[in-house]
Amino acid sequence: MYTERQIECSLLMSSEISLSKLSEDFGERSDPTVAKTQKTSLTISEALAITLKQALQERRLTMGVMDCGKLLSCSPNRVMMCVLPEVTSGDISVLIQHTLIRSFCWEHEIRLLTVKDERSLLELVRGCPEHKDSTEQSVSCMLLEYPSDGNSEADTFVCGYHDTVMYSDMYPKPIIHLPD
């Protein structure tokens, strides 16, 4: 079994991303003391967090099981990726919902990633002022639509990670821990 770090290392060798470039693209100021040519590789956790924040800012993130179900039934071809938190509670209804969403995504070839817990997703979403009142139910399912102006570097990295890891014969499939 491979660790998340081993997977990240192999992916980074094939697809290195500039942290300073992504930070600038995302609107954050880079450290002026760091030379522009110096590159720092991202982990899948950091790239997914950037992708989710970009989708929030661009209003292409659908949250909550009901809203996600509506989008999936109307326009599954607009969905780039589905993000589900790991189910840790014994709530059978949440398990059934996630099973149905996973099946639908698999049938329609929608990328699906699992993150460690709802709390980290919730903190990430609440960082956006218009979603500061979000609840755990609103992050129980998240769908990212394709951007109208093409994928960002972070989108491409996350999609590449999915395509490399999730379609491999590696089991169990990794669960992503979002950065704090």
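1. Leaving aside neighbours within four places in sequence, S138 is in contact with M63 and G64, where contact means heavy atoms within 4.5 Å. S138 lies in the loop between α6 (118-126) and β4. Helices (H or I, at least four residues) and strands (E, at least two) are DSSP runs, numbered from the N terminus. S138 counts as buried because its relative accessibility is 16%; buried means under 20% relative accessible area, exposed over 50% and partly exposed in between, with a 1.4 Å probe and protein chains only.

2. Before going on, a word on the model. It is a predicted one, in which local features need pLDDT of at least 70 and side-chain atom pairs count only at pLDDT 80 or more, while totals for chains, interfaces and linings use all residues. Residues are numbered from 1 along each chain as its sequence is written, and side-chain values use heavy atoms, with hydrogens and water left out.

3. Now to the sheet. Four strands make up an open sheet with mixed pairing, in the order β1-β4-β2-β3; two strands pair if DSSP finds at least two bridges between them. β1 (61-63) and β3 (111-115) are at the edges with a single partner strand each, so one side of each has no neighbour in the sheet. On average, neighbouring strands of this sheet are turned by 20° against each other, direction ignored.

4. Here is how the strands pair. β1 and β4 run antiparallel and are joined by three bridges, with M142 of β4 as the bridge partner of M63. Strand β4 (residues 142-145) also pairs with strand β2 (residues 79-85), in the antiparallel sense over four bridges. In that pairing M81 stands opposite L144, and V83 has M142 as its bridge partner in β4. β2 and β3, by contrast, run parallel and share five bridges; V83 stands opposite L113 in β3.

5. Which residues of β4 lie on each side? M142 and L144 are on one side, L143 and E145 on the other, and all are buried, leaving both faces of β4 covered. As background, side chains in a regular strand alternate between the two faces of the sheet. In β3, R111, L113 and V115 point one way and L112 and T114 the other way, all of them buried. β3 is thus described as mostly covered, with five of its five residues buried.

6. Helix α5 (residues 92-107) lies across β2 and β3 and runs at about 155° to β2. Angles here run from 0 to 180 degrees between N-to-C directions, and axes are lines fitted to C-alpha atoms, for helices over the stretch in contact. In α6, the residues S120, L121, L122, L124 and V125 are buried, and their cover includes α3, β1, β2, β3 and β4.

7. The axes of helix α3 (residues 44-57) and helix α7 (residues 153-166) come within 8 Å and cross at roughly 125°. That makes α3 oblique to α7, since angles under 35 degrees count as roughly parallel, over 145 as roughly antiparallel, 65 to 115 as roughly perpendicular and the rest as oblique. On the α3 side the contact is made by I44, A47, L48, I50, T51 and Q54, and on the α7 side by A154, D155, F157, V158 and Y161.
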